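Here is a short briefing for a first look. Keep the sequence and the 3D view open while you read.

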Amino acid sequence: MKKQIAILGSTGSIGTQALQVIAEHSDLYEVYALTANNRVELLIEQARQFMPEAVVIGNETKYSQLKEALSGLPIKVYAGDEALAQIVEAGPIDVVLTAMVGFAGLKPTINAIRAKKKIALANKETLVVAGELVNELAQQYGTAILPVDSEHSAVFQCLVGEVGNKIEKVILTASGGPFRTCTMEQLKTVTKVQALKHPNWDMGAKITIDSASMMNKGFEVIEAKWLFGLKPEQVEVVVHPQSIIHSMVQFEDGAVKAQLGVPDMRVPIQYALSYPDRLSSSFDRLDFSKCGNLTFEQPDIKRFRNLALAYEALHQAGNMPCIVNAANEIAVAAFLRNRVSFLGMSDVIEKVMQTVSFIKSPMYDDYVATDAEAREVAKELMNFKI
Ligand code: NDP
Ligand code: MG
């Protein structure tokens, strides 16, 4: 029996690479459902190639175009947020790859967990916002959450065979992004065009900006806490500009295990689908004679204040990471429209953290309300409407 895969966000960077993995292993995997938000043409093309049972487009105004283009094919077509959240519950689905961006991933992920689907988790915002709730549900429903994020996949791979062995700390590597060597003065005037040029990874716009500001690494610290049951002080970040070591685990005897490879997201995507097995792949191999020096440096939380803000949210806990995530989503959207400066994004996030009501033990509805409130506050601060 082929594993049935649902991809939430199939038209994005992770989604399209996941489809390449599935195409390479069509003897093992089949696409059950594909979803997108706006890019309807690409979704149509993917549906014709992979012939899923169902497709969902988030933006309802694109429904008729999608429906018409796929008429005559045995593919069910749906639209809207409710359909996106519900499609994951379909009986035959084995694995849900959460590759959509932002808070919007929370509801479908929770639904998938409740429907006992294995989660291949790329949408880190889900764990940033509601890691505690998501973990509780995963435990309650006996659902496995397998990391797709390269750092967390690296940690996960280092932990194979280590059941019961104590982790001293996890060391997440960060490329440092395009502004790693910029002075504070230079950071004042960097543009979105510069920020969108990541040195090592080709990713969607939102995570590329998060990588430039190091909010991505802050989110990954929070993600690591929930995925591996760590205390905040057990998660360390080291800047490693070559992105060859994808992350490391230090055990209580002082031994450190690392996972290495060329920066190619298809490797962790494939591992999340095939775990505990490894499958063959046609991807590039690491050539040590060509990769030169591997270097390491401390992250600078003065220049990259978002990293400090994420640590602050992690320590405060409750709904604070949810507040930071929502403020950041709006700040990034505004930065991409030239409505706030690069450094201005951190000012906005900090203000929103101080303004939105703190809830110590939030429930699902609290997260939804917090997210909405934080977005509004962030928009008001920038006089920004979307
Ligand atoms: P992209 O922007 O490339 O793709 C996002 C996908 O999600 C698209 O299919 C998009 O549809 C869809 N989408 C966006 N917003 C919504 C919404 N509100 N409702 C429904 N669907 C939506 O992002 P990435 O692939 O880069 O990232 C996806 C997730 O994976 C993020 O959480 C990111 O942090 C994480 N991740 C990404 C990595 C990477 O290398 N790219 C690495 C590690 C983690 P449409 O195309 O129609 O807009
Ligand atoms: Mg990552």
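Which residue of β9 does T173 stand opposite? T173 stands opposite V238 in β9. This is a predicted model, where local features need pLDDT of at least 70, side-chain atom pairs count only at pLDDT 80 or more, and totals for chains, interfaces and linings use all residues. Residues are numbered from 1 along each chain as its sequence is written, chains are lettered from A and ligands numbered from 1 in the order in which they are written, and side-chain values use heavy atoms, with hydrogens and water left out.

**Terms**

- Helices (H or I, at least four residues) and strands (E, at least two) are DSSP runs, numbered from the N terminus.
- Buried means under 20% relative accessible area, exposed means over 50%, and partly exposed lies in between (1.4 Å probe, protein chains only).

**Strands and sheet**

- Strand β8 (residues 167-174) and β9 run parallel, joined by five bridges.
- β9 is mostly covered, with four of its five residues buried.
- Seven strands form an open sheet in the order β4-β3-β2-β1-β5-β6-β7, with parallel pairing. Two strands pair if DSSP finds at least two bridges between them.
- β4 (76-79) and β7 stand at the edges with a single partner strand each, so one side of each has no neighbour in the sheet.
- From one strand to the next, the twist averages 20°. Axes are lines fitted to C-alpha atoms, for helices over the stretch in contact, and angles run from 0 to 180 degrees between N-to-C directions.
- Four bridges link the parallel strands β2 (residues 29-36) and β3. A36 has I57 in β3 as its bridge partner.

**Helices**

- α2 lies across β2 and β3 and runs at about 165° to β2. Contact means heavy atoms within 4.5 Å.
- Helix α5 (residues 106-114) lies across β1 (3-8), β5 (95-98), β6 (118-121) and β7. The angle of α5 to β6 is about 150°.
- Helix α10 (residues 205-213) is mostly covered, as seven of its nine residues are buried. Among them are K206, T208 and I209.
- The cover over the buried residues of α10 includes α6 (124-141), α9 (192-195), α11, α13, α14 (320-336) and α15 (344-355).

- D149 lies in the loop between β7 (145-147) and α7 (150-158), and E220 lies in helix α11 (residues 215-228), so the pair ties together parts that are 71 residues apart in sequence.
- D149 is buried at 8% relative accessibility. E220 is buried at 1%.

**Salt bridges**

- The structure holds 21 salt bridges. A salt bridge is a side-chain nitrogen of Lys or Arg within 4 Å of a carboxyl oxygen of Asp or Glu.
- A network of salt bridges links K124, D149, E151, K217 and E220.
- E297 and R180 form a salt bridge through their side chains (3.0 Å, N to O). E297 lies in the loop between α12 and α13, and R180 in the loop between β8 and α8 (184-187), so the pair ties together parts that are 117 residues apart in sequence.
- R375 pairs with D371 in a salt bridge, with the closest N and O atoms 2.8 Å apart. R375 and D371 both lie in helix α16 (residues 364-382), four residues apart, about one turn of the helix.
- R375 is buried at 19% relative accessibility, and D371 is buried at 6%.

**Backbone exceptions**

- Most residues other than glycine have a negative phi, and most peptide bonds are trans.
- M51 is not a glycine, yet has a positive phi of about 45°. M51 sits in the loop between α2 (40-50) and β3 (54-57).
- S243 is not a glycine either, and has a positive phi of about 50°. At 6% relative accessibility, S243 is buried.
- Y275 and P276 are joined by a cis peptide bond, with omega about 10°. P276 is in the loop between α12 (266-274) and α13 (305-316).
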